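Hi everyone, thanks for coming. Today I'd like to walk you through one protein model, a piece at a time. Please have the picture open while I talk.

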Amino acid sequence: MRESFRVAIYLRLSIEDKDKLNRTYDSESIKNQRHMLMEVINNNPSYNLVCEYCDEDLSGAGTFRPEFERLIKDCENGKIDIVLCKSQSRFSRDMEIVERYINNKFKEWNVRFISLSDNADTENPGNKKSRQINGLVNEWYLEDVSNNIRSAFNSKMKQGEFISPFAPFGYLVDSSDNNKLVVDKVASLVVKDIFNLYLKGYGYSAIAKYLNDKNIPSPSLHKYRQGIKLNVVSNKKRDEIKWNSNAIKTILKNEVYLGKLVQGKRTTVSYKNHKIINKDKSLWISYPNTHEAIIDKDTFYKVQKEMKNRTKPRSSNTVHLFSGKAFCLDCGHYLRKKNSSRHEYLVCSNNVICSNKSSIRYDKLESIVLSEVNKLLDKFYDEELLKDKVNKKYNEVYKEKIESLESELVNINRKIDESKDYLQSLYEDKVNDVISTQVFNTLISNYEDNLNKYYKQLNDVNKKINIYKDNIKSFDDKIISKYKKLDCLNRVSVNEFIDKIYVGKVKDNIRNIKIKWNL
Ligand SMILES: [Zn+2]
C-alpha cells in the first residue's frame, strides 16, 4: 500500500474518569486511552503517529484546553490527516464545537475524524446523524454529572470532609485519606512568616515583595514543584507566577489555618459557564477541628483585628504605629494623622467641636510611649526567665526551619532519583524505536534542564541550612538585651502592650497622656 496517513491522537482526562469525590487523579485513564489508540495505529501500517495531544481538564466542559487548541491549529495548517480519539466526547462535549470542527472545518481542511468507542468516522457519510446524536447525549450527560457532583460535594462538606482538588497553601492532602489535610512542613513556615510579618506592620504588598525578594515560591509554583498539576488557568510560566497582595490577603483571612474547614465559598454559574461567583457568607459550610492548626487563635484574631484597624495604609506600605490605638482624652474620638512638610502629627478627629485642639508631634508621642513601655518592662521582667524563654524560642524556630529544609532536601533527592529512572526508560524507548530521534533529543534536553534545576535547588537549600546552623551558634546576650529594653516601637510591641492611648490637653507645660495597658 502506497498510502500513508499522518495521525494525531487526542487524549483528555475529564470528569467522569476521575473519581472526583475521592480525588484520585491517577493518569490511569490517559494510559488507557493512549493504549487503545496506539493499538489501532500499530495494527494499521498506513497510520503514522505524528503527535500526541493531551489535556487534563478538571471540569469536563473544558473552557481552557491548550493542547486542543494546538491540535486544531495543526489541523488547519495541514499537518494532520486523521484525528483519532477514544470517543467523540473526548474531543468535546460541546455540541457547538463538534459541529464547528468535526462536521465542518475538518472537511474543509481534509482532516478525517475517527473515534473508537462510539464508531464515529467522518469518512462515512451516513455517520453524521449518529455523531450529532452523540453530541447531544454528551451535552446532557455533562449537565447531569455536574448536578450530581454538586449535591454529593455539599453533603461531604457538611461532614467536614475536604473536597477541593487542591489543599490550601500550608497543607497537603493526606496520602492515606483524600478527604483530610495534613501540614505541609515547608509551606506552613511561610504561612507563619506571613502572619508574623503582618503583625510587625507589613502590608499585603510589602509581604509579597519580601517573599519574592527571598525567592520563596508562590503557592502555585510550590504546588507545581510538588508535582501537583493545576487546573490551568493562566498562560504564564510557572516561575513567573509571583506572590501578590491578593494571595497574602487570602491567606491572612483563611480560617483553614485554625484547623477549621470552611468550604463552599464559591460556585460556578453553571456546568457550561465557568465564571466563578462568590456565595453569601451565610451559605458557607464550616466544620471545626478537622485538621492540625498552623496559626494559633490568638495570632489569627490579632491579625483579623489589625486588618480592620488598618483602613488607610501609608504609601510606604506600613500603617502608622498607633493607628486604631490613639484617642482623644476629652471626647473619645480617634486621633487623625496630619502631615506638615517637616513633621507628622496626630490631632483629635473631632477637633472642630472638641476643645482639645492642639496636635501632638508623632515622634514625641512615640518616645513618650516607648519610655513608658520600658518602665513597664523594667518592672515586670526577670532576666533569667527572659533569657531562658528567648533561647528556647529561637532554638525552636531555627530547629523547625532546619527540619523543614531537610525534608525539602529529601524531596529534591527523590526527584533526582526519579529523573534518573526516567532517563533509563527514555533510552529504552529510543532503543526499541518507540520514540523518534527528534522526540528523544527534545526529551533529553528537557531532562537535563530539569536535572540542573534540581541541583541548583539542592545547593540553595544546603546554603540555607548552613546559615541557620550558624545562627544557632551565634547566640549571645545581644539577643537577650534586645528584649530587655526596647530601642524602638513596632506594631508587634504596641499591640502586645497597649490597648489604647489617650491624648489630652497640655497642662502645666506637660501633655496629659494616659495609656491603657493590654495586660
Ligand atoms: Zn477630642
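Predicted model: local features only at pLDDT ≥ 70, side-chain atom pairs only at ≥ 80, totals over all residues.

The chain has 519 residues, and 23% of them count as buried. It contains 15 helices and 17 strands. If you take the contacts between residues with a separation of 6 or more, 65% of them join residues 24 or more positions apart.

Now, confidence. The mean pLDDT of the chain is 79, and 76% of the residues reach 70 or more. Which elements sit at the two ends of the scale? Helix α14, residues 477–484, has the lowest mean pLDDT, at 57, while strand β3, residues 82–85, has the highest, at 94. There are also stretches to treat with care. Over residues 20–28 the pLDDT stays under 50, and the model gives that stretch 13 contacts beyond four places in sequence. Residues 313–317 are also below 50, with 7 contacts in the model beyond near neighbours in sequence.

Let's turn to the helices. Please find α7, residues 204–213. Which of its residues are buried? They are Y204, I207, A208 and L211. Why do they end up on the same side of α7? Because they cover an arc of only 100 degrees around the axis. And what do these buried residues pack against? The answer is α6, residues 185–199, and α9, residues 245–253.

Next, α6 itself. Its buried residues are V186, A187, S188, L189, V190, V191, I194, F195 and Y198. At 1.5 Å a residue, the 15 residues of α6 should span 21 Å; the C-alpha atoms at its ends are 22 Å apart, so the two agree.

As background, nonpolar side chains tend to be buried together in soluble globular proteins. In this model, the largest nonpolar core has 25 residues, and V191, I194, I207, A208, I248 and I251 touch the most other members. Helices α6, α7 and α9 each supply at least two residues of this core. The largest share, 8 residues, comes from α6. Setting aside its neighbours within four places in sequence, I248 is in contact with I194, Y204, I207, A208 and W243. There is also a second, separate core of 24 residues, which includes V7, Y10, I80 and A120.

Three of them form an open sheet in the order β13-β14-β15, with antiparallel pairing. The edge strands are β13 (335–339) and β15 (360–361), each pairing on one side only. Between β13 and β14, residues 344–348, there are 5 bridges. One spot to look at is N339, which stands opposite E344 in β14.

Is Y334 buried or partly exposed? A residue needs 20 or more other C-beta atoms within 10 Å to count as buried, and 12 or fewer to count as exposed. Y334 has 16, so it is partly exposed. Beyond its neighbours within four places in sequence, Y334 is in contact with A326, F327 and S349. Y334 and N350 are 16 residues apart in sequence, and their C-alpha atoms are 8.0 Å apart in space.

Last stop: β16, residues 498–507. It runs parallel to β12, joined by 3 bridges, and F327 has Y502 in β16 as its bridge partner. β16 also pairs with β17 in the antiparallel sense over 7 bridges. I501 is partnered with I515 in β17, and K507 stands opposite I510. Together β16 and β17 form a hairpin with 2 residues between them, and D508 in the turn has a positive phi of about 50 degrees. How many of the 8 residues of β17 (residues 510–517) are buried? The number is 0, so β17 lies largely in the open.

How values were computed:
Residues numbered from 1 in each chain as written. Helix = DSSP H or I, 4+ residues; strand = E, 2+ residues; numbered from the N terminus. Arc of directions from axis to C-beta. Contact = placed C-beta atoms within 7 Å. Pairing = 2+ DSSP bridges. pLDDT = per-residue confidence, 0-100. Core = buried A, V, L, I, M, F, W, Y, C linked by C-beta atoms within 7 Å. Expected span 1.5 Å × (residues − 1).
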